[in-house]
Amino acid sequence: MEATVNIAKPATGSTYNKQVMTIGFFFFIFGFVTWVNGTLIPYLRIACELEEWQAYLVTFAFYISYTFMALPSSKILQATGIIKGMQVGLLIMAAGCLLFVPAAMMRYYPLFLLGLFVVGAGTTLLQTAVNPYITKLGDPARAAQRISIMGICNKFAGILAPMILGAIILKNSDGLLAELESLAPAAKTMRLDELAQDVIMPYIVLTIVLCVIAFGIKYAHLPEIAPSEDDLAINQQEELANGGKSYNGIFMLGFTAIFVTVGVEVIAGDTISNYGIYHGVRLDVAKSLTSYTLASMLTGYVLGALFIPRLISQEKAFLYSSLLGVLLTLLAVFVPGQASIAFIALLGFANAMLWPAIWPLALRGLSGALLNRGSAILIMGIAGGAILPLVYSWLSHISNNQLAYLLLIPCYLFNVYYQISRTKKQVYHA
């Protein structure tokens with residue numbers, strides 16, 4: 001049986017560092033499988049001969065699974081515990097990666113989407129476990145700092161993923177489109193079949209890696225985190241006194257903050273390749289533009305890990321990041337030509353401190369069943385990564401790819417409202 005750790009008494013020293021590093025490795029893993037989507041969009045658009053809006057179903061299939069799986073994930077974690085739940089999540093991700101093999105053999109886009117949905121379902125379970133785990137692992141004032149470190153692991157994987165996968169599945173991409181246009185229909189079909197099968201080996205490797213990690217996690221000796229009796233008593237009293245209404249309101253605000261935050265993250269990271277093509281950037285360059293967004297996001301995470309809470313509180317970092325997102329979006333929309341692509345990439349920097357600060361804001365004071373429920377509801381908000389890119393695609397169709405980025409403005413402004421409202425409530429209750 002796994003050791004149990006009280007939330008009120010987290011580990012310290014080398015044990016604590018080992019726990020943080022282990023969870024950081026999980027963030028690296030699901031960062032890798034998440035951010036390959038930016039490369040899969042142009043790849044599958046070519047290989048499966050898709051319209052632009054159909055290609056964005058890649059993000060929809062992956063992120064909509066969070067909506068369907070978040071609450072079941074909470075139930076699974078209650079039954080299995082956090083550590084075994086992590087193992088189950090990794091195995092589900094492996095099953096989704098394995099579906100890419102028959103999808104590529106048949107060059108059948110719906111099966112690719114099913115694979116992405118299953119990978120997303122496993123990632124949902126893993127995220128539902130590890131986000132509250134790292135939030136509650138130490139000093140609450142340093143929660144955003146810890147999540148920033150997790151973000152470094154996640155986004156470092158995100159920088160590598162498009163480069164590695166792009167080099168494998170979109171090699172010689174600059175001449176690929178011209179080659180396809182020159183081929184007769186039968187020869188073109190054969191070439192597209194070959195292109196689709198290039199994805200098989202990378203996803204077989206991912207399947208094996210995920211299975212190895214799932215079976216090896218018990219050797220990491222991660223403790224279960226259990227609530228203290230005092231925390232449970234406080235939660236029960238609050239539930240009885242308020243009928244759950246106060247928490248439901250907090251959860252829904254947190255859900256919306258996560259929804260818009262993940263939406264702006266995915267739009268900045270996964271639309272930039274097509275946006276580069278829109279401005280005449282060659283495919284061999286555009287295929288890796290996601291890495292630039294994630295590199296700027298990684299920079300933001302590093303600064304967050306260094307300076308929170310030493311020089312700036314996690315609440316202020318969240319507020320200033322949201323305001324910076326508004327400014328960069330306006331520049332991206334109104335600066336003409338290819339220069340605007342740089343501002344889309346820089347949105348990664350503005351987005352870096354949004355996710356890390358929402359979790360401690362939303363989960364402060366929660367434990368036990370309330371913690372599981374709150375975490376599940378927040379995870380459901382990741383559906384913003386499914387919905388908002390499709391809204392962006394629709395706006396780009398009725399206007400253009402550049403003006404469509406105005407969608408981000410109300411998203412950042414909601415986060416400004418969320419930070420102010422939550423901070424006022426915390427001051428009031430204090």
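**Figure 1. Helix H19 and its cover in the predicted model.** In this predicted model, helix H19 runs over residues 354-363 and is mostly covered, with 10 of its 10 residues buried. The buried residues of H19 include the tryptophans Trp355 and Trp359, the prolines Pro356 and Pro360, and the leucines Leu354, Leu361 and Leu363. Ala357, Ile358 and Ala362 of H19 are buried as well.

**Figure 2. The crossing of helices H7 and H19.** The axes of H7 and H19 come within 10 Å and cross at roughly 75°, which means that H7 is roughly perpendicular to H19. On the H7 side of this meeting are Gln127, Asn131, Pro132 and Thr135, and on the H19 side are Trp355, Trp359, Pro360 and Leu363.

**Figure 3. Phenylalanine 100 and its two aromatic partners.** The structure holds 13 aromatic pairs. In one of them, phenylalanine 100 and phenylalanine 112 are arranged edge-to-face, with 5.4 Å from centre to centre and 75° between the planes. This pair links distant parts of the chain, since phenylalanine 100 lies in helix H6 (residues 100-106) and phenylalanine 112 in helix H7 (residues 109-135), 12 residues apart. Phenylalanine 100 counts as buried because its relative accessibility is 0%, and phenylalanine 112, with a relative accessible area of 1%, is buried too. Phenylalanine 100 also forms a stacked aromatic pair with tyrosine 203, in which the centres are 3.9 Å apart and the planes stand at 5° to each other. Here the pair again links distant parts of the chain, joining helix H6 to helix H11 (residues 200-216) across 103 residues. Both phenylalanine 100 and tyrosine 203 are buried.

**Figure 4. A cluster of tyrosine rings.** Ring pairs link four tyrosines, Tyr275, Tyr278, Tyr392 and Tyr405, into a cluster.

**Figure 5. The largest nonpolar core around isoleucine 23.** The largest nonpolar core has 133 residues, and those with the most contacts inside it are Ile23, Leu40, Tyr43 and Met86. Helix H7 supplies the largest share of this core, 12 residues. When residues up to four places away in sequence are not counted, isoleucine 23 touches Met86, Val130, Tyr133, Ile134, Met150 and Leu222. In soluble globular proteins, nonpolar side chains tend to be buried together.

Figure 6. Isoleucine 152 has its place in helix H8 (residues 143-169). With a relative accessible area of 23%, isoleucine 152 is partly exposed, because the cut-off for a buried residue is under 20%. Isoleucine 152 and leucine 298 are 146 residues apart in sequence, yet their C-alpha atoms are 5.5 Å apart in space. Leaving aside neighbours within four places in sequence, isoleucine 152 is in contact with Leu298, and also with Tyr301, Val302 and Ala305.

**Figure 7. The whole chain as a setting for the close-ups.** The chain has 22 helices and 2 strands, and buried residues make up 58% of its 430 residues. Among contacts between residues at least 6 apart in sequence, 86% join residues that are at least 24 apart. The accessible surface of the chain comes to about 17,300 Å², and carbon and sulfur atoms account for 68% of that surface.

Key. Residues are numbered from 1 along each chain as its sequence is written. This is a predicted model: local features need pLDDT of at least 70, side-chain atom pairs count only at pLDDT 80 or more; totals for chains, interfaces and linings use all residues. Side-chain values use heavy atoms; hydrogens and water are left out. Rings of Phe, Tyr and Trp (its six-membered ring) pair if their centres lie within 6.5 Å; planes under 30 degrees apart count as stacked, over 60 as edge-to-face and the rest as tilted. Helices (H or I, at least four residues) and strands (E, at least two) are DSSP runs, numbered from the N terminus. Buried means under 20% relative accessible area, exposed over 50%, partly exposed in between (1.4 Å probe, protein chains only). Contact means heavy atoms within 4.5 Å. Accessible areas come from the Shrake-Rupley method with a 1.4 Å probe; for residues, only the protein chains shown count as cover. A nonpolar core is a set of buried Ala, Val, Leu, Ile, Met, Phe, Trp, Tyr and Cys residues joined through side-chain atoms within 4.5 Å. Axes are lines fitted to C-alpha atoms, for helices over the stretch in contact, and angles run from 0 to 180 degrees between N-to-C directions. Angles under 35 degrees count as roughly parallel, over 145 as roughly antiparallel, 65 to 115 as roughly perpendicular and the rest as oblique.
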